[in-house]
Structure formats: structure tokens, C-alpha cells
Amino acid sequence: MAWLPTSAVFATILVAGLGTAAAATAQANLSKVEQRLAATIGERQDAAIELLFRAVDINSGSLNLDGVAATGKLFRSEFESLGFTVRWSDMSEVERAGHLIAERKASTADPVKVLLIGHLDTVFEPSSPFQKAEFTGTERSNLGSRQRYAKGPGITDMKGGNVIMLEVLRALETVDALDKLHVIAVLIGDEERSGKPLSIARRDLRQAAQGAHFALGFEDGDGNPATAVVSRRGASGWSLEVTGRPAHSSQIFKPEYGAGAIYEASRILHDFYRELSTIENLTFNPGTIVGGTDVDYDSATASGTAFGKSNVIAERALVQGDLRALSPEQYEDAKKRMRAIVERGLPQTEATIRFTDGYPPMAPTDGNRELLSMLDRASRDLGLGAIEAVNPRNAGAADISFVATLVPSALDGLGLMGTGGHTVNEVADLDTLVTQAQRIAVLLHRITERD
Ligand SMILES: [Zn+2]
């Protein structure tokens with residue numbers, strides 16, 4: 001609440017949402033109700049910043065289970081004040097705090113069901129020096145606010161996104177449009193460091209997606225308000241284990257001794273590179289390799305040891321890597337081709353590759369693109385400019401990927417924008433707290449008006 005004295009000053013400067021002449025003319029493309037939505041959100045900027053600061057000031061590193069729960073409690077009362085039924089899904093079974101699940105049914109028959117996705121946790125544990133929100137930039141912007149920038153742990157990733165979600169819902173309620181939607185919001189408690197297995201840690205999210213027509217993710221995307229995310233690559237892991245026949249090095253290449261484990265591992269990696277590295281949006285990175293006579297790799301500490309001699313044919317080699325693909329089809333195809341490469345072994349060697357599924361891909365479907373074009377139109381009608389798709393190579397994995405195959409239209413990167421995510425220089429552009437909420441509120445309102 002330390003920022004309140006200054007906020008009282010700029011509250012008087014904030015007139016009714018969008019104050020500039022350019023924005024006022026652009027509003028001609030908005031219906032009366034949409035103009036009220038935009039104005040309501042603009043008027044609430046100070047209140048939204050206050051809620052954001054309160055959320056950021058609670059430490060909720062993924063492993064600080066009490067802090068994640070306390071953050072959940074703060075948002076819980078906000079959802080309840082909007083008539084949502086809220087429950088806490090305990091996740092002690094995967095050694096994490098839990099998820100907040102808020103649902104509000106529509107009053108109309110056959111309503112559109114919308115899934116909203118946020119997360120409560122941050123990468124900043126209590127041991128981090130970065131713990132509190134503070135204003136950092138004083139600048140007069142076209143929204144009239146003088147305090148335009150603020151830094152804080154998780155301010156853009158993604159407590160700001162959660163606040164935007166709430167501001168959208170509040171504005172829709174103000175114009176009596178919320179009743180036309182069936183809304184389910186899932187605020188995940190372990191996005192930054194997921195509990196394992198993911199099948200349990202993301203069970204609630206996948207369940208919430210059942211029957212949803214739209215899914216909106218409030219992550220900060222690439223930090224640019226002129227973009228949104230229609231596709232994200234999935235991220236999985238693989239490990240390759242190769243064995244060869246040990247013998248004196250002078251015997252290598254003889255039919256009965258073959259090539260040894262290290263040659264075979266390098267043959268496999270080279271073939272991966274040769275045959276798959278030019279496929280667009282597909283990447284696979286061998287991150288570690290150990291080889292020799294006696295080798296060991298510990299995935300918990302991501303470290304390994306090897307013993308061997310140059311005059312002995314290598315008996316074992318272990319390689320750990322990742323695999324990122326744009327669609328489930330591309331992922332399956334890559335696995336098939338990598339397995340085929342592994343099977344073509346050099347003489348007297350054996351190799352096996354194991355894949356561990358991680359975050360699934362969010363493919364760029366027509367439904368996602370259509371939703372983006374609706375958001376783009378809403379943004380331009382608000383006078384806030386066009387919105388383009390983020391290059392999937394610049395978008396990391398996120399929770400929306402777990403529902404991408406369950407929901408016909410999904411869009412992410414709709415949260416509070418800024419820079420320096422996951423570092424002690426995480427800074428938010430507070431104007432985007434208003435503009436992002438305005439765009440999404442108009443988008444959702446238009447969805448309720450569609451036949
Ligand atoms: Zn995030």
C-alpha cells in the first residue's frame with residue numbers, strides 16, 4: 001500500500017479510460033457496451049495496480065507452498081466477489097501447493113465455455129533478494145498515469161496476467177455480459193517448477209478444459225503487446241544408451257569387435273543432425289554425453305562420470321537431450337525417425353533411445369488463428385493497434401499446451417507486458433494492465449454476441 005499517496009495524485013489525471021484524441025476517434029468502431037467496457041477498465045487502473053502489488057508482495061516461489069497457497073487465497077476472494085464458486089485442489093501428492101479453480105456458470109442455455117489459465121507461483125523463492133513490488137519509471141503516458149513502470153518478482157510472469165483476467169471479468173460483470181459465459185479459471189500453483197508426474201500435476205487443468213470452446217492464457221508471451229501466441233513448441237527429453245564390445249583397441253573394426261560404443265553414439269548423433277536438423281520448427285539438442293568403459297549419469301544432478309582408456313574399445317556411452325516440436329504430428333514423426341536412425345547400428349553395438357514426454361506442443365490451428373484475428377480486430381477497434389502471432393521459436397512451453405488438443409481455439413500471451421522475466425529486473429509496463437484487459441474484454445464480449 002506504500003504507493004497509495006502517489007496513486008491518489010494520478011487518479012485525478014485518469015479521466016475515463018482512454019484519454020487521447022486518437023483513441024477517442026478509434027472508439028467509433030466500438031459499440032456503446034464495448035465503450036463502457038473499455039472505460040470501466042481504464043477507471044480501475046489504480047485499483048488493479050493495488051491488487052497487483054499485493055499479489056507480488058506475497059512470495060510464491062513454486063517450492064514455497066505456504067506462499068503459493070496465500071497467493072491463491074488473495075485471488076480466491078476476488079473471484080468469489082464476482083460470484084464464482086472456488087475450490088483449492090491440493091497437490092501434496094506431487095509435492096506442490098495446489099491449484100485454484102474458479103467456476104461461474106452462465107444464466108443462458110448453451111453458453112460459450114471459456115477456460116482462463118493463470119499461475120500463482122514464481123521462480124523467486126524466499127531466498128531470492130527480489131521480493132517486493134515497486135514503481136520504477138515516472139512518465140506521463142497516453143493513459144494519464146504518471147507511474148508507468150513497476151518491477152517485482154512475478155509481476156509480469158504472471159501475477160499481472162491473473163489481475164488482467166480478473167479485471168476482464170469484473171468489466172464484463174459491470175455491463176451484465178458475464179452471465180452469458182460459462183467461465184472456468186485455473187490458476188496453477190506449480191507452473192515454474194512442475195510437480196511430477198505431469199499427468200497428476202495437470203489433471204485439473206485438462207479436466208477444466210473438457211467442453212471448453214476457447215482457452216485463453218494470460219502469460220506474458222514475448223513481452224510485446226502487439227503479439228499473442230497461437231502456437232508453442234512442446235518440450236520433451238530423450239536419453240540414448242549405447243553399448244559396444246570391449247576389447248584391445250588394436251582389434252577395433254574387426255567383424256567380431258565392431259566399432260565400439262563411442263563411434264556408434266557419434267554415428268547416431270551425426271545422423272540425427274544430417275537427417276532432421278533442417279526441418280522447420282524442430283530442434284533436438286544433445287546436452288551431455290559420457291562414454292568409455294565405465295560410465296554413469298545421474299539425471300537428478302545432471303552430472304556424470306566416465307572411466308576409460310584410449311587403448312580399450314568403449315563399452316558404453318550415454319547421451320541426454322531434449323526435443324522440441326511444433327505439433328503432435330511433428331513430434332511423433334521426429335521420434336519415429338530418431339528411432340529408425342538408432343536401429344541402424346554399427347557392427348557389434350546396440351543402442352536404445354527413450355523419450356520422456358514433457359510439455360506437449362500447441363499447434364497453430366485454424367481455430368487459434370481465428371481467435372487471434374478476433375483479438376486483432378478488437379485491438380484495432382480500441383485504437384490499440386494490430387496484433388500478430390509470436391514466432392513459435394520465441395515462445396517457451398506453457399500450461400496452455402496441456403489443453404491445446406482439447407479446445408478448438410486457444411490463445412496465450414495475453415498478460416501484463418514488460419521485460420526481464422525470471423530475473424531480478426522483471427519490469428512491467430503498467431499501461432498494458434489496462435490495454436490488455438480492454439482488448440480481451442472486447443474479444444469476450446464479441447464472443448457472447450456471436451450466434
Ligand atoms: Zn509464467
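How many bridges pair strand β7 (residues 214-217) with β16, and in which sense? Three, in the parallel sense.

**Before you start.** The model is predicted: local features need pLDDT of at least 70, side-chain atom pairs count only at pLDDT 80 or more, and totals for chains, interfaces and linings use all residues. Residues are numbered from 1 along each chain as its sequence is written.

**Colour by confidence.** pLDDT is the predictor's confidence in each residue, from 0 to 100. The chain averages 92, and 92% of the residues score at least 70. Now select residues 1-22. Here the pLDDT is below 50, yet the stretch has 37 contacts in the model beyond near neighbours in sequence. A contact means C-beta atoms, placed from the backbone, within 7 Å. Where pLDDT is low, the predicted coordinates should not be read in detail.

Select 4-232 + 362-449 for domain 1, then 234-359 for domain 2. These bounds come from an automatic or database domain assignment. The C-alpha centres of the two domains lie 42 Å apart. Seven residues from domain 1 meet seven residues from domain 2.

**Sheet of four.** Strands (E, at least two residues) and helices (H or I, at least four) are DSSP runs, numbered from the N terminus. Two strands pair if DSSP finds at least two bridges between them. Select β10, β13, β9 and β14: in that order they form an open, antiparallel sheet. The edge strands are β10 (283-292) and β14 (350-359). Nine bridges join β10 to β13 (residues 316-325). Zoom to T288, which stands opposite Q320 in β13.

Helix α9 lies across β9 (234-243), β10, β13 and β14, at about 170 degrees to β10. Angles run from 0 to 180 degrees between N-to-C directions, with axes fitted to C-alpha atoms, for helices over the stretch in contact. Helix α10 (residues 328-343) lies across β9, β13 and β14, at about 165 degrees to β14.

**Sheet of six.** Next, show β1-β2-β6-β3-β7-β16, an open sheet with mixed pairing. β1 (85-90) and β16 (409-411) each have a single partner strand, so one side of each is left without a neighbour in the sheet.

Select helix α6 (residues 155-174), which touches β3 (112-119) and β6 (181-188) and makes about 150 degrees with β3. Finish on helix α11 (residues 366-381), which touches β7 and β16 at about 55 degrees to β16.

Definitions and conventions:
Contact = placed C-beta atoms within 7 Å.
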